[in-house]
Amino acid sequence: MSLYVNWPKRSIDFISALLGLVLFSPIMFILMVPIIISNRGHIFFIQNRPGKNEKRFRVIKLKTMTDKRDTEGNLLPDSDRLTSVGKFIRKTSLDEMPQLINVLKGDMSFVGPRPLLPGYLQLYNDFQKRRHEVKPGITGWAQVNGRNSISWEQKFEYDVWYVDHCSFLLDTKIILMTIKKVFKREGISQEGQVTMEFFKGTNNKSI
């Protein structure tokens with residue numbers, strides 16, 4: 001692992017997250033009003049996710065879906081729970097803003113593989129598990145190369161490529177590409193899905 005990952009990257013993350021919270025706090029407070037109305041008082045979506053070396057942490061996002069359930073108590077499909085304000089927040093990636101708190105705490109970095117569900121850990125092959133050799137990020141190489149519009153396998157290949165090539169210049173490039181993607185609103189969802197279908201494992205265990 002490069003020296004950049006072990007020291008300068010964390011310092012840059014901490015300072016940038018602190019400045020980001022100061023700058024974006026007014027926007028978050030404004031968004032809280034329609035979110036409270038749409039989600040019956042619930043503002044944040046908080047969920048356990050595996051981070052570096054698969055250590056669990058609680059990721060924080062603005063809540064974009066209701067908790068509506070069917071008669072048997074099961075959550076309704078994402079498309080039925082996504083609120084109007086939630087659609088706007090997702091398209092503009094504003095739901096990611098609270099993750100600046102995760103970056104400040106050191107659970108996440110600005111750039112790295114996206115933190116996914118804990119249930120996926122048992123489905124990864126040895127190659128895919130390498131995505132946990134670095135801290136997860138708010139954005140990443142897979143995010144700027146297709147995001148939710150590419151296959152899981154391709155996404156993991158991008159994640160591991162980032163692990164092997166992480167550098168200050170690459171992180172800067174990814175952040176600039178992310179800004180462009182946000183304005184163009186590309187790759188937000190997989191075709192036929194509101195977000196991305198669940199990962200079910202890879203048949204070819206060597207990829």
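This report covers the overall fold, an aromatic cluster and a surface patch.

The model is predicted: local features need pLDDT of at least 70, side-chain atom pairs count only at pLDDT 80 or more, and totals for chains, interfaces and linings use all residues. Residues are numbered from 1 along each chain as its sequence is written, and side-chain values use heavy atoms, without hydrogens and water.

**Fold.** The protein chain holds eight helices and four strands. Helices (H or I, at least four residues) and strands (E, at least two) are DSSP runs, numbered from the N terminus. Their order from the N terminus is α-α-β-β-α-α-α-β-α-β-α-α.

| Property of the protein chain | Value |
|---|---|
| Box of C-alpha atoms along the principal axes | roughly 50 × 45 × 30 Å |
| Accessible surface (Shrake-Rupley, 1.4 Å probe) | about 11,500 Å² |

Carbon and sulfur atoms account for 59% of that surface. Buried residues (under 20% relative accessible area, 1.4 Å probe, protein chains only) make up 44% of the 207 residues.

The whole structure contains nine aromatic pairs. Rings of Phe, Tyr and Trp (its six-membered ring) pair if their centres lie within 6.5 Å; planes under 30 degrees apart are stacked, over 60 edge-to-face, and the rest tilted. Tyr120 and Trp152 pair edge-to-face, at 5.5 Å centre to centre and 75 degrees between the planes. Tyr120 sits in the loop between strand E3 (109-111) and helix H6 (126-129), while Trp152 is in helix H7 (residues 152-165), 32 residues apart. Both Tyr120 and Trp152 are buried.

**Surface.** Phe14, Ile15, Leu18 and Leu19 form a nonpolar surface patch with about 380 Å² of accessible area together. Patch residues have over 30% relative accessible area and no salt bridge; like charges are joined within 9 Å, nonpolar side chains (Val, Leu, Ile, Met, Phe, Trp, Tyr) within 5 Å. A salt bridge is a side-chain nitrogen of Lys or Arg within 4 Å of a carboxyl oxygen of Asp or Glu. Ile15 lies in helix H2 (residues 8-38).

Key:
Buried < 20%, exposed > 50% of the residue type's maximum accessible area, 1.4 Å probe, protein only.
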